[in-house]
Amino acid sequence: MEASAPLADHIKPEPREWQLRALWVGARMLCGAAAFFFMAFLFAYFYLRSLDVNKSWKIGTVNPPTGFGVGIVVVLVASAVLLRMASKRPTEALPLGLTALALALLSVVLQVIAWTTLGFGPASGGYASVYVGWTAWYAVFALACVYWIETQVASIWRMGREGVKRPRAEGVPADDVELLGAGLEACSLFWAFYVALGVIAWVVLYLV
Amino acid sequence: MSAIAVTTEKPPAWRRLIGFNLLTAIVLGIAGYLIGYWIGGRINTPSTAFFSAEAGENDISVFLGYGFGVIGFLIGLGFANYPVRRLLGYPPTLAEHESADEGLGRYFRLCTDHKVVAMQYMIGIGFFFAIGGLNAMLIRTELLNPNSHVFGANQYLTLVGMHGSMMMGMMTSSILGPFANWLVPLMIGSRRMAFPRIEAFTFWLLMAAGVILITTIFFGGFQTGWTGYQPLGSQGTAGYDAYVGFFALVGVSMTLLGFNLLATIITMRAPGMTWTRLPIFVWGVVSTAILMLLASPMLAAALFMGAFDRTVQTAFFVPGNGGSSFLWQNLFWVFGHPEVYIVALPGFGIALELLPVFCRKPLWGYRIAVAGMLGVTLLSFFVWQHHLFVSGINADLRPFYMLSTELISIPTGFIFLCAMGTLWRGRIRLTVPMLFVLGWAFNFLFGGISGVFLSDAPSDVTTHGTFFSMAHFHYTIMGGLVFTFFAAIYYWIPKMTGYKLSEVLGKVHFWTLFLAFNATFGPLFALGFMGMPRRVVTYPTSLQPLNDWVTVCAYAIALSMLVFLYNVVASLIFKREPEVANPWNSKSPEFQLPTPVPVHDFDRIPVFDADPYPYGVEPTPAPTVAPAGGTA
């Protein structure tokens, strides 16, 4: 395979639906991997809480910032809903996609601000450790999702700007619009699932 | 996907050195490390982490150094180019430089041809396998005498830890990396993996991980063994940071490798390649990939917790501040036991794939074997607590985990039964690959049976932490994985490279390895029963004769490996003898293609119209495959 090499005449392309299906399946498998990753933090939460070694589950006054917590979850859910809506009409989804992207980024910014207003440190017991670890890694992977969403939004924008003059995807027999739709569907599905994991984290860290 | 290269004039050698390749990657990797280390120094000097303050170390610097180093390394290889293009909205593309006329250069940079990535894995993992093996020789040298020491206790423990980590971390990909990447697309009728860049990424990430582990020797090593037990880990020097960085990257690499393989097999099977026609090796890959996809993230999460404990001063594993060292044990073994099957299942797949070829009869009990593999996959998530039998777990939990662990021997038995059923009344050809498969059967039998003793709580209490346990897992992993790994090498390497391997040297390799392996690890069962503890630099003098015997036999294993190395170098580099397209008269799709397999694999996507093992069935149909450039 060479970037500039055309497919030789006697070589037939692969079925066009393969890449679309790969994106569909890939997004769902990523959901599984993400679930197991955060399951480790869920396990840590209940394990340390039930052990309560040296009565150190919470050392001193350890209360998470509820306002920020609620704000982050609301922003995340709104972003996921908008992106899911955008995936239904991929070629006309620029405004929805942009808003979803901005909200996703806002959720990370809010989380960073929340850390600066914490009334406790990472060493303030088991709860504090789980809170800091869980939210930090959630934010890191949320940033990765922000990148993914941005690539989808940028694709919509470029497709709208360049229209039919847009260079064809190399090596992918599927149609550009189909690919865009499949990519957006995969991205929005994973983002919705990831936000659902965030809601679970919020329930556990703030409500339980 | 375009398929063939346009031949262009080669640029001069000096020009080819500048660009996205391994050399640039190393330079940027080192620069990244230094920048990260410097930034870490500005953030916190020195670290005030719980136990390392007195050592004057800065764990933040070390971790940032590793992080930036890996990023620089990947940028140098060209991994940032495509993501940046996507960031700007350019369409997705599968086109990548994979031109066959670039010669050896494509093996030293980002290449998305699954066959090139497979060979990269083969060489890269071979290198780290050699280092892990060298560590084993040093360990055995130390154990020649209980009182006179070659290394100090800490150095000895670091050697043990590096050997275990290297083998368990790198060798998990020893079959999936080289063989699954090379074979799966060909076996299912695809030209590529579902996500070729991710395929290449997993390899280069693994290489970065291996280098990070080696750097532990500059930071005082780590004394925890490959299991990284806490609180020893938290108390360790910055050498433990290398362990954390290594395994975290391995975890990410394994997750993505499993993800990619699974996506490929689910979505890119050619017409006619139904689930019931899938070669059994591919089923082995499916079950392994499921475990990698789901278990490895737990390991990564646990290691990230450990990294946080050492840097931002959380207390996940620090009992004094609300954490628990048992939390680490739980999280580690939720990954760690599936890891054992991640290592074993591809070996099962290879053994069952090769047996029909050399018995000239269909695989006996294909569906039973598949059920066995999936059964092992499912059950392996419910057995981890047997590793904690002697760690003070609730006694009421023991029967459940004892039962679940013993249950897993049933699906494992299915697989073994299928192997024996295929051998039964077969027209057995004792080729080198077949010898290694038979060696696997013999070794794994002992490994499996001795495992029952360790799954049983009462007997585990006396054998856990002794050399008995070590003998058991070497029989399963080395006896299982390594023997099938060599079977795969002798079976597929001629196809992959186009050159023959010496049959005579192969047989010398097998017999010396088989005898030396059993002479080394068999006595370890006895040593374990006599109370020889693991991870202790000294032992009772009464055990010295047996230990000396084991050490001499371990050296014999090393000599056997040298025979293999000589065979590979001589056969593939100096005495090149071209191999025919189908030397084993196999019915498998990859052997219906010409040798070497063309860059684009197939002229058109093949149609499969036969079961995968039609041996001994008259007439003997082979799967319909349309190879590039004519028939084999």
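A residue is called buried if 20 or more other C-beta atoms, placed from the backbone, lie within 10 Å of its own, exposed if 12 or fewer do, and partly exposed in between. This is a predicted model in which local features need pLDDT of at least 70 and side-chain atom pairs count only at pLDDT 80 or more, whereas totals for chains, interfaces and linings use all residues. Residues are numbered from 1 along each chain as its sequence is written, and chains are lettered from A in the order in which they are written.

**View 1. Chain B as a whole.** Of the 632 residues of chain B, 58% are buried. The C-alpha atoms of chain B fill a box of roughly 70 × 60 × 45 Å along the principal axes.

**View 2. The largest nonpolar core.** A nonpolar core is a set of buried Ala, Val, Leu, Ile, Met, Phe, Trp, Tyr and Cys residues joined through C-beta atoms within 7 Å. The largest has 260 residues, and A:Ile149, B:Leu262 and B:Ala487 touch the most other members. Helix α11 (residues 280–311) of chain B gives this core its largest share, 23 residues.

**View 3. Helix α18 of chain B.** Helices are DSSP runs (H or I, at least four residues), numbered from the N terminus. Helix α18 (residues 467–497) bends by about 40° at B:Tyr491, with a proline, B:Pro494, following within four residues; the bend is the angle between axes fitted to the seven residues ending at a residue and the seven starting there. In α18(B), 30 of the 31 residues are buried, and just after this helix B:Gly498 takes a positive phi of about 90°.

Technical notes:
Helices (H or I, at least four residues) and strands (E, at least two) are DSSP runs, numbered from the N terminus.
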